[in-house]
Amino acid sequence: MSDKSNNQGRAFEYICLLTLEKEINKYRSVEIVNNSSFEAALNAWDAIDKKLQDNLTTSAESVVNTIFDLEPLIIEKDTDKLELLIQPDVMGEMGDVRDILAIRKKLEWEIGFSIKHNHFAVKHSRLAKTLDFGERWYYKKCSEQYWNDVKPIFDYLSVEKEKGTKWSELPDKELDVYIPLLNAFVDEIKRTYKEYNELPRRMVEYLLGAFDFYKIISIDNESLTQIQTFNMKGTLNKKSTQDEPKVKIPLVNLPTRLVNVEIKPGSSNKVELYLDNGWQFSFRIHNASTIVEPSLKFDIQIEGMPTSIISINCYWNKK
């Protein structure tokens, strides 16, 4: 993700947080936790222009009432204080994709929101010379065969890095790097699945995080903001002492089988992963730097989801 996109994402987190605070305050006591992540989001907000600020404000305002319909515990009248906070980026690396948390400590209750601005990417994971993706993604170390397969690729990249070669100067990065690396990746997943039937579930838990959450995606060119419900452990959509949720969301079934994984036909940089229960992902590999390095990044997208993941479109009320 570019610095510009990253800053716009942080700015959207900031205005979502402020909008939640303003609207929740009409019902109950609420407080924003002023941490370093909040300060970074505020700085990002100050760095964008007025037009984008107006758009992001409208986007954030469009989803609040729907969130309250989904989560009546947010606005339940009580004497305790609800806390809102932005989580540090490091939490994503630890398996928590939620950017904003709403917490009621008295109830030992919290829910989280993953905030996206104009993109649907799930993660930006890497394949690298010494990075064991199997251990990180699904708790099984990569096989000796995998390391043997990728060694000549990463050795080649290490040599080119020492020369200061740019990715654009490689003779054929698709044929020499992307395709053999993706083949090794695909083969390793297939090999592991034969001995480890928990791989499909573990992969989805890695890609989507260890906690239930709502994904909030601002789609500026369509003047709408989408809420997606990821209720995999049943912790979302709880009733309050005063109200039932006005919108009911079902439990999401995780996958149990790997149906297929392959390089997309006609592509030199994308793998498609098909699982049961309606799950489908794509992994597009790309270099994330100008100078060659023995590390490449995946842009991981959800291409198919179970019908139990509800998408709610909240159209902007333009002033």
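User: Which residue of β11 is the bridge partner of V271?

Analyst: In this predicted model, β10 covers residues 270-275, while β11 covers residues 280-286, and the two strands pair in the antiparallel sense over five bridges. Within that pairing, the bridge partner of V271 in β11 is F283.

User: Which residue in the hairpin of β10 and β11 takes a positive phi, and near what value?

Analyst: The hairpin of β10 and β11 has four residues between the strands. Among the residues of this hairpin, a positive phi is found at N277, where the angle is near 60°.

User: On the other side of the pairing scheme, which residue of β10 stands opposite E262?

Analyst: Strand β9, residues 258-263, runs antiparallel to β10 and is joined to β10 by five bridges. These two strands form a hairpin with six residues between them, and G266 in the turn has a positive phi of about 85°. The residue of β10 that stands opposite E262 is E272.

User: How are α6 and α7 oriented relative to each other, roughly parallel or roughly antiparallel?

Analyst: The axes of α6 (residues 144-163) and α7 (residues 173-195) come within 9 Å and cross at roughly 165°, and the crossing is left-handed. Because angles over 145 degrees count as roughly antiparallel, the relation of α6 to α7 is roughly antiparallel.

User: How many nonpolar residues does the contact of α6 with α7 have?

Analyst: The contact is made by residues including V150, I153, F154 and L157 of α6 and V177, L181, A184 and F185 of α7. Divided by class, the contact has one polar and four charged residues, and the number of nonpolar residues is eleven.

Terms used. Residues are numbered from 1 along each chain as its sequence is written. This is a predicted model: local features need pLDDT of at least 70, side-chain atom pairs count only at pLDDT 80 or more; totals for chains, interfaces and linings use all residues. Side-chain values use heavy atoms; hydrogens and water are left out. Two strands pair if DSSP finds at least two bridges between them. Axes are lines fitted to C-alpha atoms, for helices over the stretch in contact, and angles run from 0 to 180 degrees between N-to-C directions. Angles under 35 degrees count as roughly parallel, over 145 as roughly antiparallel, 65 to 115 as roughly perpendicular and the rest as oblique. A crossing is left-handed if the near helix is turned anticlockwise from the far one by less than a right angle, and right-handed if clockwise. Contact means heavy atoms within 4.5 Å. Ala, Val, Leu, Ile, Met, Phe, Trp, Tyr, Cys and Pro count as nonpolar, Asp, Glu, Lys and Arg as charged, and the others, Gly among them, as polar.
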